[in-house]
Amino acid sequence: MLFNSYEFILLFLPVTFLVFFAIARLGREAAIVWLVIASLFFYGWWNPSYLILILLSMVINFGFGKFISHAYEHQRATWARTGLTLGVVCNLGVLAYFKYAGFFSHNINTLTGASVDFGYIVLPLAISFFTFQQIAYLVDAYKGITQEYRFFHYALFVTFFPQLIAGPIVHHKEMLPQFMCRNTLKPQLDNVSVGLSIFFIGLFKKAVLADGVAPYGTSVFDAAAAGETLSFFVAWGGALAYTMQLYFDFSGYSDMAIGGARLFGIRLPLNFHSPYKAKSIIEFWRRWHMTLSRFLRDYLYIPLGGSRHGKGRRYFNLIVTMLLGGLWHGAGWTFVAWGGLHGFYLVVNHAWHRLRQILGYDGSESNMAGKLAAWLATFIAVV
């Protein structure tokens, strides 16, 4: 079910909202169970068979989380580390099978002439998002940051419908405590007004701006794919149209997620902050898909060593992080190339900052011309 569909806007969202606050009068647990049921219905709307995978994933990860938390509480580090390792391997294994098995088998067959075939695999909706979110939970449980002993609470953390399909990627400690607040069980006028405002701003971005510019970009890319020779202005027009479509589509969907969650008194983290205003690639990744950037930083870049082992190792870690970040977006060499390109951009950006420090510059653009040049270079690099 899409946020911009009539079924969601006119039926699912108002019914879920009204029933939630009606049931909340009976108690918090009943309201949480209702939201879990509604979220699973939302997830299974397009293909009910998806429910089997997400339910199994939640049950298994909840068990791993309890095991890790119990080991942490009793200071059994080896058990906790073993549970975390098994949990992460299971999650990545499932993700690898459903999302990347076809990609890897195709490349193996092409390189070796083998005939590896996994059959037809249907990619479950949002598997990357709910897998990463649960990996983050297991890591946080291992660090003693969070724990969960009630399955329906954990299920709500994973399946809460506003952020289930396209993020933001949230932490257990960010979301579940909000549901425990007393005010969450009563409709608040400010939450409704702010939530609807953000939701409809996002809907405008998606339905008017993204969908409005999409035909221009699609026609140019289709012409190029058909072998037509494109003029300079047509080619750049198509590239810029797609650049706008991509941003307004994803940002609009994130806004609708944030607005929908706010109706229930839940504040999801901001996911986009005018990324095309960035004046460096470093700043761009602090503004674009911010919760994914945070996840890659906290659970991949820093564990790899971050910037703690010298410049060379830092640059290597940036490249690896962005390569895997690119592959996370999709199973294809174009995604790997895109991730590698942004990794290279980040290395150049950090090296440039270092050079400016050596030469005695403060790292800031002090005049309008410098700021404009920095913005233009960044924007063209992104496009």
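Residues are numbered from 1 along each chain as its sequence is written, and side-chain values use heavy atoms, with hydrogens and water left out. Because the model is predicted, local features need pLDDT of at least 70 and side-chain atom pairs count only at pLDDT 80 or more, while totals for chains, interfaces and linings use all residues.

## Core

A nonpolar core here is a set of buried Ala, Val, Leu, Ile, Met, Phe, Trp, Tyr and Cys residues joined through side-chain atoms within 4.5 Å. Buried means under 20% relative accessible area, exposed means over 50%, and partly exposed lies in between (1.4 Å probe, protein chains only). The largest such core holds 97 residues. Phe 8, Phe 160, Met 175 and Phe 264 have the most contacts inside it. Helix α5 (residues 127-142) supplies the largest share of this core, 10 residues. Helices are DSSP runs (H or I, at least four residues), numbered from the N terminus.

What does Phe 264 touch, leaving out residues up to four places away in sequence? Its partners are Leu 13, Thr 16, Phe 17, Phe 20, Phe 21, Leu 35, Phe 160, Phe 161 and Thr 184. Contact means heavy atoms within 4.5 Å.

## Helices α3 and α5

The axes of α3 (residues 50-73) and α5 come within 8 Å and cross at roughly 10°. Axes are lines fitted to C-alpha atoms, for helices over the stretch in contact, and angles run from 0 to 180 degrees between N-to-C directions. α3 and α5 are therefore roughly parallel to each other (angles under 35 degrees).

On the α3 side, the contact is made by Leu 53, Ile 54, Ser 57, Met 58, Asn 61, Phe 64, Gly 65, Ile 68, Ser 69 and Tyr 72. On the α5 side, Ile 127, Phe 130, Gln 134, Tyr 137, Leu 138, Ala 141 and Tyr 142 take part. These contact residues divide into 12 nonpolar, five polar and no charged. Ala, Val, Leu, Ile, Met, Phe, Trp, Tyr, Cys and Pro count as nonpolar, Asp, Glu, Lys and Arg as charged, and the others, Gly among them, as polar.

Asn 91 is found in helix α4. At 5% relative accessibility, Asn 91 is buried. Neighbours within four places in sequence aside, Asn 91 is in contact with Ser 57, Asn 61, Thr 131, Gln 134, Ile 135 and Leu 138. Ser 128 belongs to α5. Ser 128 is buried too, with 7% relative accessibility. Beyond four places in sequence, Ser 128 contacts Leu 95, Lys 99 and Trp 328.

## Aromatic pairs

Rings of Phe, Tyr and Trp (its six-membered ring) pair if their centres lie within 6.5 Å; planes under 30 degrees apart count as stacked, over 60 as edge-to-face and the rest as tilted. The count comes to 54 aromatic pairs. Two of them are tabulated.

| Pair | Centre to centre | Angle between planes | Class |
|---|---|---|---|
| Tyr 43 and Tyr 50 | 6.0 Å | 50° | tilted |
| Phe 160 and Phe 264 | 6.2 Å | 80° | edge-to-face |

Tyr 43 is buried at 1% relative accessibility, and Tyr 50 is buried at 4%. Phe 160 is buried at 0%. Phe 264 is likewise buried at 0%.

Phe 160 lies in the loop between α6 (151-159) and α7 (161-164), and Phe 264 in the loop between α10 (232-263) and α11 (281-287), so the pair ties together parts that are 104 residues apart in sequence.

## Backbone and loops

Most residues other than glycine have a negative phi. Gln 75 has a positive phi of about 55°. Gln 75 sits in the loop between α3 and α4 (77-112) and is exposed, with a relative accessible area of 74%. Ala 126 also has a positive phi, near 60°. Ala 126 lies in the loop between α4 and α5 and is buried at 12%.

Leu 304 is in the loop between α12 (290-301) and α13 (311-329). Leu 304 is partly exposed, at 26% relative accessibility. Leu 304 and Arg 314 are 10 residues apart in sequence and 9.0 Å apart in space, C-alpha to C-alpha. Residues up to four places away aside, Leu 304 touches Arg 313, Asn 317, Val 320 and Thr 321.

Notes. Helices (H or I, at least four residues) and strands (E, at least two) are DSSP runs, numbered from the N terminus. Angles under 35 degrees count as roughly parallel, over 145 as roughly antiparallel, 65 to 115 as roughly perpendicular and the rest as oblique.
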